[in-house]
Amino acid sequence: METSAARTTGMVLTTMAGFNFATEERHCSEHGAYTAMKTPVGWSDCTMCNAKRQQAERFRLEAEASRLTIMRQAEVPLRYHGKTLDNYDASNEGQGRALRVATEYADSFATARAAGRGLIFCGTPGTGKTHLAVGIMHQVLEAGYSARFAVVLDAMQAVKSTYRRDAASTEAAVLEKLTAPDLLVLDEIGNQYGSDTERMILTNVINNRYNAMKPTIMLSNLAKDKLGAELGERVIDRMREGGGRMVIFDWDSHRGAHA
Ligand SMILES: [Zn+2]
């Protein structure tokens, strides 16, 4: 870099492949002597520093690509791939509280995983419930756990589609995808305009995970009492008994501005 380089000679003209280049012997504080070359965009940097920067950039891009692959494999919707706990906007008190709960949960996931302890985020649409849940997933996946994201209606339809005679997958295989991961995020609970079959499938998934002591994060736009009616108070009680927390998202939606 220009800043770490000291000139050790004056500029000279060098001929290379029939072209004239102005060169100068310079000294990199980290890598020692190098020949800088004048280019249309300025003097070239230390080649070792250049290589180092390119490698760092390559690592960054690889990390980014593998993060996106992981998000895809976890079936997180594309618009949420970049949502982390770090980029959640916690500008009001409710958001600050929700972020604290999410951060504590992600930080102590080993304990939550061992105890099968989950979370419930419910309330006003557009208040960042999905953002926070995906943020937790990022951290949990980075720590080497498995996690999966499922929109309830899609998951229930995937299960129901296996009932067809020509189904490509079995009910057991679809349910396994929902039961196997260390962490399952169930989004849009209560938006399934549920048939009894759908409701039964959802209850089964939640109960299977409860029995296997595997944590579930449940997200719903329903208010607390409506969610209780939707899931059954027993599910909520079990969640509470296991030390799971319920966060009520009751501030105004900011979807459009930040979501
Ligand atoms: Zn250097």
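1. Glu75 sits in the loop between α1 and α2 (93-107). Helices here are DSSP runs of H or I with at least four residues, strands are runs of E with at least two, and both are numbered from the N terminus. Glu75 has a positive phi of about 65 degrees, although it is not a glycine. With a relative accessible area of 39%, Glu75 is partly exposed. Buried means under 20% relative accessible area, exposed means over 50%, and partly exposed lies in between (1.4 Å probe, protein chains only).

2. A word on the basis of this note. The model is predicted, so local features need pLDDT of at least 70 and side-chain atom pairs count only at pLDDT 80 or more, while totals for chains, interfaces and linings use all residues. Residues are numbered from 1 along each chain as its sequence is written, and side-chain values use heavy atoms, with hydrogens and water left out.

3. A second residue with a positive phi is Glu188, which is not a glycine either; its phi is near 60 degrees. Glu188 is found in the loop between β8 (183-187) and α7 (196-211). Its relative accessibility is 32%, so Glu188 counts as partly exposed.

4. Which residues hold the zinc ion? The ion is coordinated by Cys28 through SG, His31 through ND1, Cys46 through SG and Cys49 through SG, at 2.0 to 2.4 Å. Donors are N, O and S atoms within 2.8 Å of the metal (3.2 Å for Na, K and Ca); water is not among the atoms, so sites may look incomplete. Along the chain, the donors follow the spacing C-x2-H-x14-C-x2-C. His31 lies in the loop between β3 (19-28) and β4 (32-39), and Cys49 in helix α1 (residues 47-73), so this pair ties together parts that are 18 residues apart in sequence.

5. The site of the zinc ion is tetrahedral, with angles of 104 to 115 degrees among its 4 donor atoms. Four donors count as tetrahedral if all angles lie between 85 and 135 degrees; four count as square planar and six as octahedral if opposite donors are over 155 degrees apart and all others between 65 and 115; anything else is irregular. The ideal angle for four tetrahedral donors is 109.5 degrees.

6. Strand β2 (residues 12-16) and β3 run antiparallel and are joined by 5 bridges. Two strands pair if DSSP finds at least two bridges between them. Opposite Thr15 stands Asn20 in β3. The hairpin of β2 and β3 has 2 residues between the strands, and Ala17 in this hairpin takes a positive phi near 50 degrees.

7. Strand β8 is mostly covered, since 5 of its 5 residues are buried. Leu183, Val185 and Asp187 point one way from β8, and Leu184 and Leu186 point the other way. What are the neighbours of β8 in the sheet? Strand β7 (residues 147-151) pairs with β8 in the parallel sense over 5 bridges, and strand β9 (residues 216-220) pairs with β8, also in the parallel sense, over 3 bridges.8. In β8, Val151 is partnered by Asp187 and Arg148 by Leu184. In β9, the bridge partner of Val185 is Ile217. Strand β7 is also mostly covered, with 5 of its 5 residues buried. From β7, Ala147, Phe149 and Val151 point one way, and Arg148 and Ala150 the other way.

8. Leu186 lies in strand β8 and is buried, with a relative accessible area of 1%. Leaving out residues up to four places away in sequence, Leu186 touches Ala150, Val152, Leu202, Ile206, Thr216, Ile217, Met218 and Leu219. Contact means heavy atoms within 4.5 Å. Between Leu186 and Tyr145 there are 17 Å in space, C-alpha to C-alpha, and the two are 41 residues apart in sequence.

9. The domain assignment gives domain 1 (1-73) and domain 2 (77-249); such bounds come from an automatic or database domain assignment. The centres of domain 1 and domain 2, taken over C-alpha atoms, are 48 Å apart. The contact takes 6 residues from domain 1 and 8 residues from domain 2.

10. How much area is buried between domain 1 and domain 2? The value is about 560 Å², and carbon and sulfur atoms give 67% of it. Buried area is the accessible area (1.4 Å probe) that two parts lose on being put together, summed over both. Arg67, Ile70 and Met71 supply 74% of the area that domain 1 buries against domain 2, more than any other three residues.
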